[in-house]
Amino acid sequence: MTLAGFVAAAYLFADSRGPSPATVPAPAASAVAYHSDGLSDSYDGFRVEPLALPTGRGPGRVSLRVTGPGGAATDFQQVHTKPMHMYVLRDDLSAYQHLHPEVADGAWTAPVSISDGGAYRVYIEFVPHGRPAGADPTVLGVPFVIAGDTSMVPVPAPRAEARSGPYVVRRLDGTADLVSGTQTALRFQVLRDGRPAVLEPYLGAYAHLSNFEVRTQGLKHLHPIPAGPDGAAPPDAVLAFHAAFAERGDKRLFLQFRAGGATHQVAFTIFTT
């Protein structure tokens with residue numbers, strides 16, 4: 001999956017109200033492009049079937065059977081240290097979870113915790129064996145509903161900063177709108193006590209970024225901009241991603257990084273014209 005090897009590019013430190021991100025060259029095109037977004041349970045010969053989904057609040061379990069052209073599909077390429085990445089999201093774009101299922105009795109299974117009612121979707125991303133290096137992942141999804149009272153969360157307006165524990169993450173172009181169909185560099189800087197944080201490897205990289213369309217809830221990952229040949233953590237703690245959005249509208253982005261021995265998560269809303 002395009003679970004990006006999310007790492008930083010050098011960036012001249014500037015006020016978050018500065019100019020929009022510079023246009024950058026698009027990443028090298030995949031030999032084969034796949035355009036699934038998790039809004040269907042089947043794509044490109046693969047299908048996901050729910051065996052167990054949460055039915056109430058609290059700890060639960062997701063168990064899915066995946067079939068492909070050759071039958072049961074229980075082995076995929078390792079992408080960012082995992083053969084499959086799983087996500088859970090409520091239809092108000094809240095309650096995001098990033099999970100790593102394992103194969104048990106022919107099914108992909110992961111523990112999950114549900115804190116509130118509402119309509120949810122489970123997304124899975126994987127790259128089948130035989131696909132060329134850099135190929136986009138297959139993304140499938142299935143919905144489930146938790147009955148009962150629900151406290152819906154409005155999608156927040158764009159903000160230049162978000163906090164997780166002692167860490168502040170700044171979007172370096174502030175709240176600037178992006179232009180649909182234009183390749184840009186979307187940059188975030190992680191700070192602690194006003195200074196660049198010391199980032200630690202997370203799933204074989206230094207960050208992970210998931211993008212969901214607010215209108216459709218379709219999932220698309222952003223392509224990373226490599227930090228450099230040595231693979232060291234960026235000293236300025238800037239995480240940079242190729243961003244090219246096909247459609248205008250609101251996007252909800254979930255950024256995960258590791259620092260201080262723990263994994264942290266922040267979210268940003270952006271708008272593309």
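A residue is called buried when its relative accessible area is under 20%, exposed when that area is over 50%, and partly exposed in between (1.4 Å probe, protein chains only). The structure described here is a predicted model, in which local features need pLDDT of at least 70 and side-chain atom pairs count only at pLDDT 80 or more, while totals for chains, interfaces and linings use all residues. Residues are numbered from 1 along each chain as its sequence is written, and side-chain values use heavy atoms, with hydrogens and water left out.

The protein has 21 strands and 0 helices, where strands (E, at least two residues) and helices (H or I, at least four) are DSSP runs numbered from the N terminus. Of its 273 residues, 50% count as buried.

The structure holds 11 salt bridges, each defined as a side-chain nitrogen of Lys or Arg within 4 Å of a carboxyl oxygen of Asp or Glu. One of them joins R47 and D41, with an N to O distance of 3.4 Å. Both partners are partly exposed: R47 has 44% relative accessibility, and D41 has a relative accessible area of 26%.

A second salt bridge pairs R131 with D44, whose closest N and O atoms are 2.9 Å apart. R131 sits in the loop between β9 (118-126) and β10 (138-146), and D44 in the loop between β1 (42-43) and β2 (46-52), so this pair ties together parts that are 87 residues apart in sequence. The two partners fall into separate classes, since R131 is buried at 10% relative accessible area, whereas D44 is partly exposed at 41%.

R90 and D116 also form a salt bridge, with their closest N and O atoms 3.1 Å apart. Here R90 belongs to strand β5 (residues 85-90) and D116 to the loop between β8 (107-114) and β9, which links distant parts of the chain, 26 residues apart. Both R90 and D116 are buried. The two residues are also members of a network of salt bridges that links R57, R90, D92 and D116.
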